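This briefing is for a reader meeting the structure for the first time.

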Amino acid sequence: MTPWLTVVGIGEDGFKGLGKNARHALLGASRIIGGQRQLDLLPACIRGERQSWPSPFSLDPVLTRRGEPVCVLASGDPMFFGVGATFARQLPVDEMLILPAPSSCSLAAARMGWALQDVVTLSVVARPAAALNAHWASGVRLLVLSNDGRSPGEICRLLCERGFGASRITVLEHLGGEAERRIDGVADDWLDPVIADLNLIAIDCVADPATARLSRLAGLPDSAFKHDGQLTKRDVRAITLARLAPVPGELLWDVGAGSGSIGIEWMRTHPGCRALAIEADAGRQQLIEHNRDALGVPGLQLIRGSAPQALAGLESPDAIFIGGGVTREGVLDTCWAALKPGGRLIANAVTLQSEMTLMAWREQHGGELTRIHIAQAQPLGDFDTWRQALPITLLDVTKPFDA
């Protein structure tokens with residue numbers, strides 16, 4: 001198929017910075033659609049009719065002309081957090097021709113002298129800045145596409161809150177254009193200067209000496225979470241998540257989520273992991289909302305209500321964790337019915353009654369039962385002794401594909 005849609009990436013240097021193919025596409029286009037800022041970069045010699053994106057944004061002006069020659073303007077590389085990637089989710093690739101310009105991150109890496117393959121690239125354009133909290137680590141370098149001129153100040157405040165106030169910050173405005181400007185500073189001494197809306201933030205992360213190291217592997221310290229005692233403890237949490245086996249793109253139901261620790265750590269393993277936290281207690285719901293933002297997974301969705309009623313109509317999960325409520329009528333049956341074939345169901349029990357429920361469930365559906373004993377050394381007079389935590393019974397069941 002001959003492509004009918006041409007997506008041209010354009011930089012701050014405008015038409016003069018484009019390659020031969022991009023110039024040819026624009027000169028021959030009868031209709032050009034793009035943001036007003038990109039359209040204003042075109043010279044008068046471009047005769048095609050110019051049309052701005054509607055507000056709120058929609059692809060309809062292009063998709064309704066499917067099959068007709070259409071040219072779309074995009075900022076920098078259209079496949080890097082850009083409209084080209086949006087079109088690729090809607091159209092077969094052979095219907096499009098993508099002509100990228102250097103992305104703002106490529107230009108920023110060149111200005112900073114950073115190897116682009118060693119840098120974490122992120123965006124807070126129409127995204128919660130709290131998602132950056134998952135990426136702070138001493139020695140890590142990040143390039144962050146800003147939402148607007150307020151983003152640098154907001155990000156500096158996040159860095160200071162999480163113990164990274166010593167991090168070095170560089171704001172790069174209008175990269176590649178005549179108005180390009182660079183502002184350097186440190187997060188805990190950021191003075192909130194007036195910043196252009198079109199900017200990118202380069203961050204060289206430096207942790208304060210007392211800042212706790214938070215791994216992306218399962219088993220964060222219990223102190224990383226605000227909780228009221230309803231928390232799957234660190235060692236049991238690590239074992240539970242190993243059994244849940246997060247895979248990018250999969251969805252977890254965290255039923256009886258408590259402080260949200262299982263769903264949060266599931267999502268921290270990979271940006272593509274998703275989770276629903278089902279919790280009935282209003283106080284714990286607030287804890288979940290705090291913890292998900294503080295630990296960098298604001299996309300964790302909170303479902304307010306009790307299982308099994310609150311599970312009705314939810315997207316079918318790839319994995320389910322039941323941390324509480326296994327004895328409540330209908331919880332296990334509803335979860336099992338909703339679980340995708342091949343999915344994993346993990347349930348933890350502390351009481352004799354909940355353990356008996358899991359044992360009966362295993363008789364019907366199979367799976368593994370594991371008893372977890374954790375003991376910690378604690379003082380006893382002038383000596384130390386082992387203090388045994390309550391034992392946990394863990395049920396691990398995989399749903400057959402023919403179930």
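How much space lies in the largest pocket? The largest pocket holds about 1300 Å³ of space. The model is a predicted one. The chain has 403 residues, and buried residues make up 47% of them.

**Overall chain**

- The chain has 11 helices and 19 strands.
- The C-alpha trace spans about 80 × 55 × 35 Å along its principal axes.
- Of the contacts between residues at least 6 apart in sequence, 64% join residues at least 24 apart.

**Largest pocket**

- The lining of this pocket comprises 45 residues, and R37, Q38, S75, F81 and L198 are the closest to the pocket centre.
- Helix 2 (36–39), helix 4 (83–88) and helix 5 (104–112) each supply at least two lining residues, as do strand 4 (70–75) and strand 10 (199–204).
- By class, the lining of the largest pocket has 22 nonpolar, 16 polar and 7 charged residues.
- F81, one of the residues closest to the centre of the largest pocket, sits in the loop between strand 4 and helix 4.
- The phi of F81 is near 55°, a positive value in a residue other than glycine.
- F81 has a relative accessible area of 42%, so it is partly exposed.

**Second largest pocket**

- The volume of the second largest pocket is about 780 Å³.
- Its lining is made of 37 residues, with L231, T232, K233, V350 and I392 nearest the centre.
- Two or more lining residues come from each of helix 7 (234–244), helix 8 (261–268), strand 15 (344–349) and strand 17 (375–380).
- The lining of the second largest pocket divides into 14 nonpolar, 17 polar and 6 charged residues.

**Helix 8**

- Helix 8, which contributes to the lining of the second largest pocket, is mostly covered, with 8 of its 8 residues buried.
- The buried residues of helix 8 are S261, I262, G263, I264, E265, W266, M267 and R268.
- Their cover includes helix 7, helix 9, strand 11 (251–255), strand 12, strand 14 (319–322) and strand 15.

**Helix 9**

- Helix 9 covers residues 282–294; at 1.5 Å a residue its 13 residues should span 18 Å, and its end C-alpha atoms are 19 Å apart, which agrees.
- Q285, L287, I288, N291, R292 and A294 are buried in helix 9.
- These buried residues pack against helix 8, strand 12 (274–279) and strand 13 (301–304).

**Helix 11**

- Helix 11 runs over residues 352–365; its 14 residues should span 20 Å at 1.5 Å a residue, and the end C-alpha atoms are 20 Å apart, in agreement.
- S354, E355, L358 and W361 are buried in helix 11.
- Viewed down the axis of helix 11, the buried residues fall within an arc of 120°, so they line one face of the helix.
- An α-helix has 3.6 residues a turn, so residues three or four places apart point the same way.
- L352, Q353, M356, E363 and Q364 are exposed on the other side of helix 11.
- The buried residues of helix 11 are covered by elements including helix 10 (331–338), strand 15, strand 16 (368–372) and strand 19 (392–398).
- G366 follows helix 11 and has a positive phi, near 80°.
- Q353 is in helix 11, and its relative accessible area of 52% makes it exposed.
- Between Q353 and T327 there are 7.2 Å in space, C-alpha to C-alpha, and the two are 26 residues apart in sequence.

**Cis peptide bonds**

- The peptide bond from S55 to P56 is cis, with omega near 5°, and P56 lies in the loop between strand 3 (49–52) and helix 3 (60–63).
- The peptide bond from A307 to P308 is also cis, with omega near 10°, and P308 lies in the loop between strand 13 and strand 14.

**Positive phi at H174**

- H174 has a phi near 45°, which is positive in a residue other than glycine.
- H174 is found in the loop between strand 8 (168–173) and strand 9 (181–186).
- The relative accessibility of H174 is 22%, so this residue counts as partly exposed.

Notes
Residues are numbered from 1 along each chain as its sequence is written. This is a predicted model: local features need pLDDT of at least 70, side-chain atom pairs count only at pLDDT 80 or more; totals for chains, interfaces and linings use all residues. Side-chain values use heavy atoms; hydrogens and water are left out. On a 1 Å grid over the protein atoms alone, a cavity is a set of points where a 1.4 Å probe fits but cannot get out, and a pocket is an open set with protein on both sides within 12 Å along at least five of seven lines; lining residues have an atom within 4 Å of a point. Grid points are joined across faces, edges and corners, and a volume is the space filled by probe spheres set on the points. Helices (H or I, at least four residues) and strands (E, at least two) are DSSP runs, numbered from the N terminus. Ala, Val, Leu, Ile, Met, Phe, Trp, Tyr, Cys and Pro count as nonpolar, Asp, Glu, Lys and Arg as charged, and the others, Gly among them, as polar. The expected span of a helix is 1.5 Å times one less than its number of residues. Buried means under 20% relative accessible area, exposed over 50%, partly exposed in between (1.4 Å probe, protein chains only). The arc is that of the directions from the helix axis to the C-beta atoms. Contact means heavy atoms within 4.5 Å.
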